[in-house]
Amino acid sequence: MSNSSLWVMDKNFNGEELIEFKNSWLFSPVSWDILLEKYIPKKPFESKRSFLSATMFDKTIHGRLNEKLNNSEVQEDRVLWEMSNQQVFFTKDKVFIVNSIKMFLKTNKEYATELEEHIHDRFNEIAEEILKIDENEYPFLIFKNTSCDDNVEYWFSKYDEESDEYIDRSLKELNERVTEFVNIENEIIKGFTSNLDYFS
């Protein structure tokens, strides 16, 4: 079974995994299913669907949902969407992020009526772990969806042919776009800065 994890970056943009959460299906996929149902409702003749299966058959769904959420005024929806897209958040915004996580299932209770208690527990667990992060030590945080891919690990390590080993690297060393920094002002997501633009 795959796991999800909370990652942090220090002031030099070096990353590390802070804590791992067993069963990655209890957070991001739950969020995706709720947001899909809310912003792109299924047609009356359609059966129940999941975000992952829907995007497998319709490649436009992710882009359409992203556009709708970028224009949404519901900040907890936007925070969960950006978290589940493995964007970089500033730890100085952690109280707003935590409140958004805790509000998400309440705000969307009509789409979350069948969720079991352990899913609510996972949302709270992730929120509490984020709250513990020392923003002076780790100014940035990332939620990694699943251990089934190594995208986030790739940001912070590279293969060294000479030693035939993977060595650590900083996010600022990458010369390709891999993520965005989420800009939050007065508890509102105002925009995004790609990793390339952030370091230029």
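**Entry 1: threonine 179**

I began with a side chain: that of threonine 179 makes a polar contact with the side chain of glutamine 87, at 3.4 Å. By polar contact I mean a pair of N or O atoms within 3.5 Å; within protein, one must be able to donate a hydrogen and the other to accept it, and residues adjacent in sequence count only if both atoms are side-chain atoms.

A note on the model: it is predicted, so local features need pLDDT of at least 70 and side-chain atom pairs count only at pLDDT 80 or more, while totals for chains, interfaces and linings use all residues. Residues are numbered from 1 along each chain as its sequence is written, and side-chain values use heavy atoms, leaving out hydrogens and water.

I found threonine 179 in the loop between β6 (165–168) and β7 (180–185). Helices (H or I, at least four residues) and strands (E, at least two) are DSSP runs, numbered from the N terminus. Is threonine 179 buried or exposed? It counts as buried, at 3% relative accessibility. Buried is under 20% relative accessible area, exposed over 50%, partly exposed in between (1.4 Å probe, protein chains only). Not counting residues up to four places away in sequence, threonine 179 touches several residues, including Trp155, Leu171 and Asn195; contact means heavy atoms within 4.5 Å.

**Entry 2: the cores**

Next I looked up the largest nonpolar core, which has 41 residues; Met83, Ile101, Phe123 and Ile130 touch the most other members. Such a core is a set of buried Ala, Val, Leu, Ile, Met, Phe, Trp, Tyr and Cys residues joined through side-chain atoms within 4.5 Å. Apart from it lies another core, of 12 residues, with Trp7 and Phe156 among them.

**Entry 3: aromatic pairs**

How many aromatic pairs does the structure hold? I noted 20. Rings of Phe, Tyr and Trp (its six-membered ring) pair if their centres lie within 6.5 Å; planes under 30 degrees apart count as stacked, over 60 as edge-to-face and the rest as tilted.

Phenylalanine 51 and tryptophan 81 are edge-to-face, with 6.1 Å between centres and 80° between planes. Phenylalanine 51 is in helix α2 (residues 51–57) and tryptophan 81 in helix α4 (residues 75–84), so the pair ties together parts 30 residues apart in sequence. Both are buried.

The pair of phenylalanine 181 and tyrosine 198 is stacked, because the centres are 3.9 Å apart and the planes at 10°. Phenylalanine 181 counts as buried at 0% relative accessibility, whereas tyrosine 198 is partly exposed at 30%.
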